[in-house]
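Morning, everyone. Please bring up the model on your screens, and we'll go through it chain by chain.

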Amino acid sequence: MNAAEPLKCRPSDYKSEVKPIWCPGCGDYHVLMALTRAMAALGLPPERLAVVSGIGCSSRIPAYTNCYGFHGVHGRSLAVATGLKIARPDITVICASGDGDGYSIGGNHFLHACRRNVDLAYIVMDNHIYGMTKGQPSPTTEPDFDTALAPGGTGLRPFNPLVVALASGANFVARAYSGNPNETAELIVDAIKHPGFSFVEILSPCVTYRPDQRSWKDRVHPAPVTPTDDPARAARRLMTDDGFNLGVLYRGNRAPYKPPTAAAMLAPESLDEEFVV
Amino acid sequence: MSGANVPPVTSVAALYGIAHRIEADAAERYVMLADQMETHNNLELARMFRDLARAERLHADKIRDLAGSIGIGDGGGPIGPWKSDSPEAADLYAARYDMSPHDALRLALAAEERALAFYTDLAAAKVDRAVRDLAASFAVEEREHVALCHRLLERYPPASAVRPGDPDAPGDR
Amino acid sequence: MTSGASSVSVAMVGSGGAGVLTTGEMLLEAACAAGWNGLLTRSVGPQIRGGEAASLLRLARAPVECMADQFDLLVGIDWVNAGRFGDEIPLGPASLLVCDPAAGAPPPMAANAKRVIQLPIAELTKAHPAWRANMIALGAAGHLLGLDEAALHGVIAKRFATKGSEVVTANVAAAAAGAQAVDGDRGRVALAPVAPAAAKRWLITGNEAVALGALQGGIRFAAAYPITPASDILEWLAPNLTKVGGTLVQAEDELASVNMIIGASYGGVPSLTATSGPGLSLMIESLGLATASEVPIVIVDVMRGGPSTGIPTKSEQSDLNIAVYGMHGDAPHLVIAPQSVGDCWVSAHWATGLAEALQAPAIVLSDQFLGQAQTAIHRPAERPPAGQRRVADGATLPYARYALGGDGVSPMAIPGTAHCAYTADGLTHTERGTPTSGARDHLAQLDKRRDKLDGHEYGPLWATIEGESEIAVLTWGSLTGVVREGIAQARADGVSAKLIAPRLLLPTRPAEMSAALAGVKRLLVVEQTHGQQFLKYLRAHYDLPAAVSVLHRPGPLPIRPHEVRRHLIEGGSR
């Protein structure tokens, strides 16, 4: 086979035998479906792909794929993914997270991953709730949503991940809806192929703690405009959209992170010369 | 399903590919649902979804046989030709861990109805005559599946409205 | 004029920015170039510039690993805030004081000095605006020590080469004027002559030695978040990792830096980060992740005074507890404590190899004293045993990342290896890495991770053990050199003692420690903590003799050799 030609792969080649623990009806099943379809479309052998995650329902996803996976601690998936990608630029690294893991406890890493612009795809399954800990408000929860931890609602303005990503320097910003798994798969492929840090926010409903999110399927709609590479225009669009615009919303052309390299390699043994007296 | 979700079908070969894909996607989805029900200890539903998966797999094989030397191609590649979801694939969002056989059949019915709508639309579309005829024959088949679902729904009436419910419901704790 | 001492100690103080730190480095360099040995530490306040600073320098014929009991020479460039060093710069009855009468009254600590030598710094710099005060002091100190003037001027020329010949000329002239001003006392605190060193030596700090040892031990990726006093390690690695094809990336915080190195090491590249107590605290959760997911990493903790922000610029051994016990759950890992500047190289090299071979996190527990002390050491003749990661090649399928059996070290698949893809997990997992909450798998994997560390043969590097006696001193880390000198002093008084200093703090070595303590009737424990952390650690893990006393004190005031001697002599029978 021609090396440049993608392998003929089926999504099932990327699915592991491990059965998801997600609730029936969870949007994350669709995301897994979309992810494995995207992987098949890329045609990379599973061992060339790594899926890195933190903690939460969404973050269980690596073990459900047949790729190399890393299921780490809460909030730090982007740091693990960054280290892996910089150390192993030959591996395609996908980082998966949720709104609690990615926007709350991992919020600082999100800012700096956008800024650093390492060639990663970051997919966040956003259901506006902490599911695994049973229904506490997350940074994207609506201010009046009633929970045991915040009776009557938090009263706080929801976090806008796309605007933050854009402002922080992400090179690709998209929104997907898990109920459109094929479109989501296409966006994931696009994100992986785009150089630099690519962020895909996936609206992925929680049937158990947010049954109201079933209505999302009637609210989502394709973005009415073509993607822009102008951050100012993208910012205006993202600040004013209804939160249900789907598609690529910003496609930048910033060069991805590249660590410094030396003109000539030295033997480690030679490095002690500077200390010799 | 909106019109935007209908892929262009320009030849009989393409339609065989898409028809096969529709059944294969449906089968895959029922397997997912069966696995989910197993994980959540709803074994009656797990069995039912496995039966449905087997039926869809048979339909897929039948289409492959029907296509004969024309073949089924790749059915739209790994991602598939639809923007949102494959028409006959059951709606995962409608699944619940404590769903009843009646609920499952309603899920199947909705899937069959979407497939029927897809073929009915295609049979009436401005496409090649041979494509329209083949679409119409698939529509006849899907209509039978819809009817079968209705008959099964009579056998499995809705669960009682005064069901005790889940004493350990996740939302309660 | 004296015939020359075997060890001379010099303290140079001045307000921050007066240049005492540079002056100390240059004095050390000139002395080492002439064949002497030396140890230079610094004491500074928290200010970036300004405030107070002191260079504490001990020059000697033989290698020295700790500061002496007293300073023979105190050079004050100015006395602004110098009183803050009172406790750290003890003078003896024979000590000399060099200062500018125009700088006002010396601080109380100078009251002990035998003699005051006047150095008219202000007058000289007023007459020659291009002269720097610290170069005048450098010339004077070098002259009193009997250093070769040309050699000292050579060090000045080298140091200021990039600033142009005018600067070099002015500084040399300033140093010469300083020497001239104290000419009547030339060689007053001279060192006994030495032959130039035959073998190559390194003039190096502990932080540099850690960085060099880790890199030469195989580290090729580092993640960095700045923190005093560990940043030097990261700043040395940044350009030097690049030279060997590795990478350093600056992280947004310590939570990121530890997770970045976990990611890089998961990718097959030996990885390190360096920090101090506050940073280690933030990294602890992920250290547990590295333990559970069996990803080798090296974390260097250059300890400073704690808790909280504590004293960032000064040494203490009080991170022992968090390094050993910090993690939640049962989390076996490696803790290795270097005992001298040279040992920083050995320990970092060794820790890197052990982490790789045992697929576990290793903490290198250094401290500010070692990290920022500069000394001349012999180039290490031997390298610690090399540690290679055991990797899976896909020959045995199905692949089980966390397979049980054997020595507990299961082959690790590196991303890119076909048929071996697995998910590394911080959740309790089965042999294949699948999450589980079952008791049997939990126990089996806990046993595996414990046994692979406990069962390893660590060899003689586990501890420094010197001498035989019924009296032993147990210490660790940077206090090893202090205790060694204290034991030598006691020996002169007829009391002999055995030195035991474990380099390997985790896993503990009960059999080896029992052997080391066999026949010991009285034990002195020496440590730089307030809460006797080391004594409690020893009591928890080892059988100690009935008679145990402890010499302990928090930082920043160093424990000095004479205190060890006094405890040995006064503490019991001969």
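Let's start with how the chains meet. Two pairs of chains touch, and the pair with the most contacts is A and C. Contact here means heavy atoms within 4.5 Å. Chains B and C share no contact. Their closest C-alpha atoms lie 14 Å apart.

A word on the ground rules. This is a predicted model, where local features need pLDDT of at least 70, side-chain atom pairs count only at pLDDT 80 or more, and totals for chains, interfaces and linings use all residues. Residues are numbered from 1 along each chain as its sequence is written, chains are lettered from A and ligands numbered from 1 in the order in which they are written, and side-chain values use heavy atoms, with hydrogens and water left out.

Now chain C. It has 17 helices and 21 strands. Along the principal axes, the C-alpha trace of chain C spans about 80 × 60 × 45 Å.

What radius of gyration would a compact globule of 574 residues have? Near 25 Å, and chain C has 25 Å, so the two agree. The radius is taken over C-alpha atoms, and the globule rule is 2.2 Å times the number of residues to the power 0.38.

How much of chain C counts as buried? The figure is 60% of its 574 residues. Buried means under 20% relative accessible area, exposed means over 50%, and partly exposed is in between, with a 1.4 Å probe and protein chains only. Look at the contacts in chain C between residues at least 6 apart in sequence: 74% join residues at least 24 apart.

Charges next. Chain C carries 45 positive and 51 negative side chains. Lys and Arg count as positive, Asp and Glu as negative; His and the chain ends are not counted. The centres of the two sets lie 4 Å apart. Each charge is placed at NZ of Lys, CZ of Arg, CG of Asp or CD of Glu.

On to chain A. Here we have eight helices and eight strands. The radius of gyration of chain A is 20 Å, close to the 19 Å that the globule rule gives for 277 residues, so chain A is as compact as a globular protein of that length. Of those 277 residues, 62% count as buried. Chain A has 26 positive and 27 negative side chains, with the centres of the two sets 4 Å apart.

Last topic: aromatic rings. Rings of Phe, Tyr and Trp (its six-membered ring) pair if their centres lie within 6.5 Å; planes under 30 degrees apart are stacked, over 60 edge-to-face, and the rest tilted. Over all chains, that gives 27 aromatic pairs.

Take Trp22(A) and Tyr64(A). Their ring centres are 5.0 Å apart and their planes sit at 85°, so the pair is edge-to-face. Trp22(A) lies in the segment before helix H1 (27–42), and Tyr64(A) in the loop between strands E1 (49–53) and E2 (68–71), so the pair ties together parts of chain A that are 42 residues apart in sequence. Both Trp22(A) and Tyr64(A) are buried.

Finally, find Tyr68(A), Phe70(A), Tyr266(C), Tyr399(C), Tyr402(C) and Tyr422(C). Together they form one aromatic cluster.

Methods. Helices (H or I, at least four residues) and strands (E, at least two) are DSSP runs, numbered from the N terminus.
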